[in-house]
Amino acid sequence: MQVRGPQLKDTVEIASLKPCHLSIVEEEYTEELAVAHVRRLLDVVACTTAFGVKKPEQKPAPATDAAAEANKPGSPGSVVAGGGGGGGGGEEPMYPPPKLGEFYDFFSFSHLSPPIQYIRRSTRPFVDDKREEDFFQIDVRVCNGKPVTIVASRAGFYPSGKRALINHSLVGLLQQTNRGFEAAYKALMKAFVEHNKFGNLPYGFRSNTWVVPPVVADSPSVFPPLPTEDETWGGNGGGLGRDGKHDHRPWVKEFAILAAMPCKTAEERQVRDRKAFLLHSLFVDVGVLKAIAAIQNLIPDDKSSHEKANGTASSVPHTQQIGDMKITVTKDKADASSKSDVKLDGSQAPGVSFDELAKRNLLKGITADESATVHDTATLGVVVVKHCGYTAVVQVPLDAQLTTVVPAQQDIHIEDQPEGGSNALNVNSLRMLLQKSCVQSPGAVQRLQSSDPEENMATTNFVRKIITDSMQNLEGEAPRETRPIRWELGACWVQHLQNQTSEKADGKKSDETKDVPTVKGLGKQFGQLKEIKKKSDDKSGKSASTKDSTSPNTNDAHSDNTASTKEDKEAILQKALTEAAFQRLKESETGLHAKSPDELIEMAYKYYDDTALPKLVADFGSLELSPVDGRTLTDFMHTRGLQMRSLGQVVELSDKLPHIQSLCIHEMVVRAFKHIVRAVIAAVDDINDMAQSVASCLNILLGPFPEENNDGKCGEDHNLRQKWLEVFLMKRFGLAWKDEYSLDLRKYAILRGLCHKVGLELVTKDYDMDTPHAFRKSDIISIVPIYKHVACSSADGRTLLESSKTFLDKGKLEDAVNYGTKALAKLVAVCGPYHRMTAGAYSLLAVVLYHTGDFNQATIYQQKALDINERELGLDHPDTMKSYGDLAVFYYRLQHTELALKYVNRALYLLHLTCGPSHPNTAATYINVAMMEEGLGNVHVALRYLHEALKCNQRLLGVDHIQTAASYHAIAIALSLMEAYSLSVQHEKTTLRILQSKLGSEDLRTQDAAAWLEYFESKALEQQEAARNGTPKPDASIASRGHLR
């Protein structure tokens, strides 16, 4: 068989070509491919130099050793007083406080000799005459040799003047010509195998996380790029549009064609969704690049106008038109009390009142179908970019004529993303470097750290004044009268009403749906395996749904109205909606089509307060949803149409869920501080003063409590900070600040949240926030843009994912595999193989396959998900964290226990850094660590982890929660391994009692526990009757049936 075309696609499955004889022939290089080959080699060896901390007093531990120690790489947690109660045992905490300086240890192979010291473009003349097939020369210095000049040619690489030694790959040539390189490269490959079961080479690291790779700290003024993003070798920060080819694309026309494309069947929608995804991704990339270029053009102007207080002159919007794209840039106010007027829901459109916007969003929500995002062109064609104290809105204006008249040209010609979309835009690559002054010498960094005390005091006073002035403005702020509505609320409301109707119609179904949430995430004792919730609103409620008699009552009430009033209301709605949308609403059988818009808004508010918020908290309690940081919390609330201003209400409703209260309070604090940091950035006139001002701001916001430091100024700053939090939380969230909140604050979690929200990149090191000046000018490397836009993927794909989850929860594994496979295929077809949504599908399918016993394929899929998440989302994103935790369990089941411990400790390190030790996911991960320690024979260590998990679950979820039962069961098994059967019986009795009361005797897990109890009792009897009998280990491991389902 012959494969035609220049090269095989990455996505061709070789298995699909059988039966055949397959020969893979190395293709010739072009100059571009030769450059890419060099870049890839540099990328592979980068982990030997880029991620190790180079400080002599603190030699980095080898990644392979560091990750194997349970107590070190998991070093995470909370630096602040009262850090969340993570103590284990009595004498010392289970984990020491987090060491941010160890963030990159997991990726670092700095203990190995780097196979290559450098590769540079050579300026030397060719030794032989340059032939047509020769592209360029490079100077290569390997670990133990002198620099060698190598020629890259069409057929491969050869040493200058020795064409006979040509080798198709650069690695092959260096191995052939230098033994030192060969040994070092072999050692690196061995390390990769120890780091990853498949020996996968790095997928292409990018600087996309709020702490920068350690190599950057040595030359912050140039920010040495990681090879993937190194323009010298053809790399870049990803995305499309850098070449300017798409600047004058007819966006208006193409968005209109998109909205008019056929979408009745799933096949039609897949074609349309792919076009929409490609067009929208291209629009976002071009929009972000153009917005940042426009902002950078304005930044120097501020120097000339800095004598004008707070840049009042530059508050006039600057507009720019590039083809169909309109870019409006405004200078942010140096006032932390000001609210952002720019929202993605179109509220920046002039002349649209808040009430009108609430109505528009609600109507969009209650009539939403699979095409809701694509048909809302006004929202689809908007990107909001915040950078360096400016806000840019990129907008494609609606063309009324084009939207009403279906365009004749029914198709959009758009190229596929290169490399399957694996090089999507890394917005961090568009950073504004702040360390321009330290370019002179290597010692400059050290000198800069002790920055001028006078400058320090001046910027500190500058920040204090901004906070004081902003506080006066905030205290005088009138309460907000309008109440916005997100369109997702309408969609969830309709779903809820439909579920209610079907429950009434079928009592059995009601019982079944109530069982579903109880099963979620329990019985599989980790919340981690269940945190893949992006859109969980289409299951019906549990306890909250019993409160919902209000909506049906309102529906009954409308039957008393006269027929004419009903018709009038229908007529009003019909005017506001398209015919198809009105018909969908009528067919939803919710009765909403017979309501006036004002009535609908009132009912929606009632649903929000009485049902949606309590349902969210109930799902937090059952671990149906398990947020680990502000981003996951925001996602869960937004997908249900809930506003973040309701966090105060969530705190009040979560009085029995301390970990949810803690997450909400941290998110409110981060949002309160975000306004201050943004105001400071906006107030700085000279970009050269930015690093010092941001460092002073962070020192005030995250400085020590008065009891931690006697400095009088620290006390003043603490009072100022405390007052700001009290006023801000009351005004924006309706929450009265309590003193005990301060005891639980984890400063690293707040710092991380701030950097994400404001766009800061910091040096990777341990910050001692118990001192007044933890942050120095040299620690603030850069400001990166923050941008927001509507997510555009496949609604059908998301629905298939949800179905797969539901079947998994019901134990219907065949259906779960079937729907999970369809979801993955759909999302690959729409978003490409490297998108975050595709990673989510890989991750879910991995979990499903794991439950079927196919551990090998599960591991392969989860590894793909991890590669995508690390590269596209960042090294500490919750999805990345989840992939580490899942992979650990899969490796354990494949009997790679030491490797599993590395990954579970990485997951634990990130969990402690984000949600701290007091969280169900952390407790669940303790159980996983215990399982692995027990597998290595360390039963006493395992027991310590299990007791910590039990304490955590009792404290957070209650003594009778199913997750607590899982902890008792795991301890019972660990005790049985120590042949303490009478203690196993006690713990398993508690497990059985909880499961019987929560799930009933018929549930499989209750029966499981009963069987285990019988087994332990029989063993205890044997022990009493005879001398000690050994326990067969395979039957009694913590990972046994009932715990990794």
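Reader: Which residues of α24 are buried?

Author: This is a predicted model. A residue counts as buried when its relative accessible area is under 20%. In α24 the buried residues are M690, A691, Q692, S693, V694, A695, S696, C697, L698, N699, I700 and L701. That makes 12 of its 12 residues, and the helix is mostly covered.

Reader: How many residues does α24 have, and what does it reach from its first C-alpha to its last?

Author: The expected span of a helix is 1.5 Å times one less than its number of residues. Helix α24 covers residues 690–701, which is 12 residues, and it reaches 16 Å, close to the 16 Å expected.

Reader: How many bridges join β4 to β5, and through how many residues does the hairpin join them?

Author: Two strands pair if there are at least two bridges between them. Strand β4, residues 134–142, runs antiparallel to β5, with 6 bridges joining them. The hairpin from β4 to β5 passes through 5 residues.

Reader: What joins β5 to β6?

Author: There are 3 bridges between β5 and β6 (residues 157–159), and these strands run antiparallel. I150 has P159 in β6 as its bridge partner. The two strands form a hairpin with 3 residues between them, and G156 in the turn has a positive phi of about 150 degrees.

Note on methods: Residues are numbered from 1 along each chain as its sequence is written. This is a predicted model: local features need pLDDT of at least 70, side-chain atom pairs count only at pLDDT 80 or more; totals for chains, interfaces and linings use all residues. Side-chain values use heavy atoms; hydrogens and water are left out. Helices (H or I, at least four residues) and strands (E, at least two) are DSSP runs, numbered from the N terminus. Buried means under 20% relative accessible area, exposed over 50%, partly exposed in between (1.4 Å probe, protein chains only).
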